[in-house]
Amino acid sequence: MRCASGSSTPASEGVAPSVTTRSLTRAQARRVAIAAQGFLDPRPAPFAATTRHVQRVIDRVQVVQIDSVNVLTRSHYLPFFSRLGPYDTALLDRARDRAPRRLVEYWAHEASLIPPSTWPLLDFRMRAAAEKAWGGMRRILEERPDYVDLVRAEVEARGPMTAREVEAALEHDEPRRTDQWGWNWSDVKQALEYLFWAGRISSVGRTTQFERRYAALPATAPPPLREAWTRRPGAEADPERHVELVRIAARAHGVGTELCLADYFRIRREDARPAIARLVDDGELIPVSVPGWKPAWLHAEARLPRRAHAEALLSPFDSLVWQRDRILALWDFHYRIEIYTPVEKRVHGYYVLPFLFGEDLVARCDLKADRAAGVLRCHRVTWEPGAPPEARPALIRNLESMASWLGLSRIDVPDVSDA
């Protein structure tokens, strides 16, 4: 890979002044990002994807965000469709639910699926559970620590179990609070979620109702991994963890700013900064300048295509687009999720998927799987200025492909010839 040489990086950005900064155009940076996320990898024939193809996507993105909204399909299935086309989602379920597990769930970039080898790297988050977990989790730990231990023992003895199954096993009969907005979790659920956050128990997937199935750690982590994770109460987190997390983020992004590299695993920027400097010193990251973007770093092994053509409908939670400042800087694409926005204030719709065509984000599609009618409904298409005419039939092809994947017989879409 060759980049044009440029000026040196200021010391204030965490890199020694002697390190040479190279220049990338915005188009080059976009192509690096698209390639790093796996959109230029060859796709299998429809429904011909194998475990190897699923693993290839896992290796590329490293983090797959989970979300409960099911207006189209569960969000964690979508990044694989976007990169592979129609595939059997049972492949992903097996990767998550059956040994040897290729994915485990934890709070990485929000609730996420990650490779088991990444789970120990997040032990700093587990250590901080008692202080930084959500209020209800901290409350149950403070007020009923013995009860938390009881819940843990129940899961370890009888799991995998959902929260409802643990409640039934403990003959839990305490009414849930209804005086506050929110999940109104029972004490059992609060205890389970604290234990999950703290890394004391894990998960072996979800039920069809999207309930987490809690399990003892041996159910999800092979012995070598458990032995490698020697967390000691009160011990300081290992800064090497942050170096490795930034390394993973840099490889997955291809090119990114400090914010991009920190946000991938939601680590603090002050923790990401020395990790970036370390990787620059080791030659794994190359400082680059991109017009209109903050100082950034290119992974030394990133692919830099001369041209790129990808077509994909992207989940709102896809790792290509989840960092909104990044896609605004590289694609001039202002994107926000409007699920929680009142109907009258929504600009583009409820569940809006960006459409990647070529190397550009050219449209937004508000989609819904109408399973009763067997129809993939596209309530609205909003085109970006300058979207090429050939993107319109491409969008129809991609919507038809998605409908086939979801088992729907047809699409209902506005006239995409309208700009």
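Q: How many aromatic pairs does the structure hold?
A: The structure holds 10 aromatic pairs, where rings of Phe, Tyr and Trp (its six-membered ring) pair if their centres lie within 6.5 Å, and planes under 30 degrees apart count as stacked, over 60 as edge-to-face and the rest as tilted. This is a predicted model, in which local features need pLDDT of at least 70 and side-chain atom pairs count only at pLDDT 80 or more, while totals for chains, interfaces and linings use all residues. Residues are numbered from 1 along each chain as its sequence is written, and side-chain values use heavy atoms, with hydrogens and water left out.

Q: Why is the pair of Trp107 and Trp197 tilted?
A: The ring centres of Trp107 and Trp197 are 5.8 Å apart and their planes stand at 35 degrees, so the pair is tilted. The pair links distant parts of the chain, with Trp107 in strand S4 and Trp197 in helix H10 (residues 187-197), 90 residues apart. Helices (H or I, at least four residues) and strands (E, at least two) are DSSP runs, numbered from the N terminus.

Q: And are those two, Trp107 and Trp197, buried or exposed?
A: Trp107 is buried, with a relative accessible area of 13%, and Trp197 is buried at 10%; buried means under 20% relative accessible area, exposed over 50%, and partly exposed in between (1.4 Å probe, protein chains only).

Q: What about Phe355 and Phe357?
A: Phe355 and Phe357 form a tilted aromatic pair, 6.3 Å centre to centre with 35 degrees between the planes. Phe355 is buried with a relative accessible area of 0%, and Phe357 counts as buried at 8%.

Q: Which residues form one aromatic cluster with Trp405?
A: Phe80, Phe81 and Tyr87 form that cluster together with Trp405.

Q: Where does Arg206 lie, and what about Arg392?
A: Arg206 lies over the face of Phe210, at 4.3 Å from the ring centre, and Arg392 lies over the face of Trp383, also at 4.3 Å from the ring centre. A charge sits over a ring if NZ of Lys or CZ of Arg is within 6 Å of the ring centre and within 35 degrees of the ring normal.

Q: Back to strands: what is the order in the open sheet of three strands?
A: The order is S3-S5-S4, with antiparallel pairing; two strands pair if DSSP finds at least two bridges between them. Strands S3 (64-65) and S4 (104-108) stand at the edges with a single partner strand each, so one side of each is left without a neighbour in the sheet.

Q: How many bridges join S4 to S5?
A: Five bridges join S4 to strand S5 (residues 110-114), and these strands run antiparallel. One of the bridge partners in S5 is Leu113, which pairs with Glu105.

Q: New topic: is helix H12 enclosed or exposed?
A: Helix H12 is largely enclosed by the rest of the structure, because 11 of its 15 residues are buried, including Arg241, His242 and Arg247. H12 (residues 239-253) reaches 21 Å from its first C-alpha to its last, close to the 21 Å expected at 1.5 Å a residue, the expected span being 1.5 Å times one less than its number of residues. Gly254 follows H12, and its phi is positive, near 85 degrees.

Q: Last one: how many disulfides are there?
A: The count comes to zero disulfides, a disulfide being a pair of cysteine sulfur atoms within 2.5 Å. The sulfur of Cys378 is 4.6 Å from the closest cysteine sulfur, in Cys365, which is too far for a bond.
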